[in-house]
Amino acid sequence: MFLQQFANALVLGSVYALFALGFTLIFGVLEVITLAHGAVFMIGAFAGLAVVTKFNAGLIPAILVGMMASGILGWLIDLLAIRPLRKRKFHHLAPMIATIGCATFVISISQGVFGAEIYRFPFDFMPATSYNFWAMQLTLLQIIIVGVALALMLIIIFLLNRTKWGKAVRAVAETPRTAALLGIPVERVFQLTSFSASALGGAAGVLTGINFNAIHTFMGGPIMHRGIAVIILGGMGDIRGAVVGGLILGFAEIMSVAYLSSDFRDAISFGLLFIILLVRPAGIFGSNIERKG
Amino acid sequence: MKIFIRITVFVAFVLSLAFTAQAAEIKIGVTEALTGPVAKYGVPIKNGFVLAADEINAAGGIKGNKIVLVIEDEQAKKEEAINVFKKFIFQDKVLAIFGPTLSNSAFASDPIANKEKIVVFGTSNTAEGITDIGPYVFRNSVAEADILPIVTKVATKKLGLKKVAIIYGNDDSMTKSTYEIFLRSIKAEKLEVVDTETFAKGDIDFSAQLTKIKSLNPDAVFCGALVEEASNIILQARKLGIPNKIRFIGGNGFNSAKLIEIGGAAAEGSISGSPWFLDDPSKINQTFVKAYTKKYGMAPDQFAAQAYDALYIMAEGIKAISLSGNVEKDRTTLRDALAKVKNFKGVGGLFSFNESRDAEQKGRVLYIKNGKFAIYAE
């Protein structure tokens, strides 16, 4: 049973990590906790579902369209809600609250369009057969989820550390004003970050939608809570932190159900979060130096 | 010439207005959760009412009087339900009220209706104690407490169950009550519970709980879950290698076409209980399902069916009284007439109110067979 639970935890942890990746990226660069990320995630799932049901698209186009839709939505949210506040030098709280408004707006509109019911991807979309590895049973999709989460994380780390664009993003994350003085188009970096981080959320939405068969307008809510826990755990704004934090939360949830009791699952996983924060207040990868901007 | 035709049409129009204005309107308040997460129950309920009202009006209304539904969203919030009730009673002066969607809200709003002596008719409130609020509170929703013991008994006998597992949502009053009723009936059947697992609302991953259940090898799994979680639980169970011969047995949450739509082949054989089911071959039900599907583009669920029946039951009550035009007086006479409704033939079978104004209706044990609900046992 342990191996199966290990596999379960790996899949769940990867989903959390994938969601948290974009979440933490926006925080790292824009210094905004965007509470619209759950709505962005939901739109990605619906967009993926739409191309599959309307145009019979496969997995890759579904993920790409989901990422596109979420990316554009994230970019719009930045453009219409966060940027005006940034221009007026409101930090942290005001943009965060603006994103709550965006989330409510997007969720209400989608409820008007899609209704309150749940949808799923067609049955034959992904093969339901399970593969056996030792004592683990995994479907192809679960393996893909773990792979995609890992790949996206590596790509983002590569882009941030090895490209000129990444250098610009890191400079802006360090201090936007100095970056601007150095001739970096700060505004463009903000927008590009919002787009790509939201696209990551969209990818998470499509994969979650396919694997867990529950696409509905409120699907972003529960994972938002987990996402916030994950980025605090991993260190706010840290890419590795999002992945490690996601996996830790996934393992904590699964293992507490497996070996203790499902009644205490949230108490145990969030208790763990509490203990880690006592020992490392800035999260696992976080540094305690705060940016003064 | 053209002018003449226009004048004739205009006169005819004015005349028709004058004639329709003569027939009285019967105003009935409908308040359900039409936005927010609970809307997935509230909207089908509203649809059921609207369909029934349209049918009654198309057939000439009740003694020539048309039914007018005043529909308000209560957002599944207690405060909103109270506000809407006050608006219905004092401002719109409705004859009777349908709603609210959740028992939670009903406990807050129904006492107001009872105090003002106006019938409030719940179609989806299943909690114990709703009709104890007072003599003006009615409902046609069949309580799980009446049906699930029968379901458990039938399943135990037919499947030869000995040891079972339970999985339920422990942060929702409905799924928790399903669990408690199941536990009672499991004890009554002297079954051994090998494992009890819980989950939280909005969970999408049940693999840990199901892996544990699989390792303990039960004969069946009892499940207290709303349909989105229920269908996902069953799907993931099959993916983890729990075979179809290990049946899932559920409460009200299972009574939805969504379970089949989302669960597909994995849901085959799942057992539940309800007075109404989609594929009931009776003529009245088939007509209802066809009309509903045509009007709303999707199949009705149990909540839509109960609302549909409820409006016809209300019409029975209104038919039995003569409206005086004094709404306070009519509200009281309607209450007495409604309480006398017996052996009404609806889409959910024969219906009567018992002395505490609760539903008296035969429940049926159902299972999913070839992608449809079918009778497992009467």
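Visitor: How many bridges join strand E1 of chain A to E2(A)?

Guide: This is a predicted model, in which local features need pLDDT of at least 70 and side-chain atom pairs count only at pLDDT 80 or more, while totals for chains, interfaces and linings use all residues. Residues are numbered from 1 along each chain as its sequence is written, and chains are lettered from A and ligands numbered from 1 in the order in which they are written. Helices (H or I, at least four residues) and strands (E, at least two) are DSSP runs numbered from the N terminus, and two strands pair if DSSP finds at least two bridges between them. E1(A), residues 130–133, and E2(A) run antiparallel, and the number of bridges joining them is 4.

Visitor: Which residue in the turn between E1(A) and E2(A) has a positive phi?

Guide: A:Ser130 has its bridge partner in E2(A), namely A:Thr139. The two strands form a hairpin with 2 residues between them, and the residue in the turn with a positive phi, of about 45 degrees, is A:Trp134.

Visitor: Which helix gives the most to the side of chain A that touches chain B?

Guide: Residues are in contact if their C-beta atoms, placed from the backbone, lie within 7 Å. The contact between the chains takes 29 residues from chain A and 30 residues from chain B. Several elements of chain A each supply at least two residues to this side, among them helix H8 (186–212) and helix H9 (220–234). With 4 residues, the element that gives the most is H1(A).

Visitor: Are H2(A) and H4(A) roughly parallel or roughly antiparallel?

Guide: Axes are lines fitted to C-alpha atoms, for helices over the stretch in contact, and angles run from 0 to 180 degrees between N-to-C directions. Helix H2 (residues 37–55) and helix H4 (residues 93–114) of chain A pack at about 30 degrees, with their axes 9 Å apart. Angles under 35 degrees count as roughly parallel, over 145 as roughly antiparallel, 65 to 115 as roughly perpendicular and the rest as oblique. Therefore H2(A) and H4(A) are roughly parallel.

Visitor: How many charged residues has the contact of H2(A) with H4(A)?

Guide: The residues making this contact include A:Met42 and A:Phe46 of H2(A) and A:Val106 and A:Phe114 of H4(A). Ala, Val, Leu, Ile, Met, Phe, Trp, Tyr, Cys and Pro count as nonpolar, Asp, Glu, Lys and Arg as charged, and the others, Gly among them, as polar. By these classes the contact has 8 nonpolar and 2 polar residues, and the number of charged ones is none.

Visitor: Is A:Thr24 buried or exposed?

Guide: A:Thr24 lies in helix H1 of chain A, and its contacts beyond four places in sequence include A:Ile231, A:Gly234 and A:Ala242. A residue is buried if 20 or more other C-beta atoms, placed from the backbone, lie within 10 Å of its own, exposed if 12 or fewer, and partly exposed in between. Because A:Thr24 has 33 C-beta neighbours inside 10 Å, this residue counts as buried.

Visitor: How far apart in space are A:Met67 and A:Val40?

Guide: A:Met67 lies in helix H3 (residues 59–87) of chain A and, with 25 C-beta neighbours inside 10 Å, counts as buried. A:Met67 and A:Val40 are 27 residues apart in sequence, and their distance in space, C-alpha to C-alpha, is 9.6 Å.

Visitor: Which are the edge strands of the open sheet of 5 strands in chain B?

Guide: This sheet has the order E2-E1-E3-E4-E5, with parallel pairing. The twist averages 25 degrees from one strand to the next. Pairing on one side only, the edge strands are E2 (66–73) and E5 (137–139).

Technical notes
Contact = placed C-beta atoms within 7 Å.
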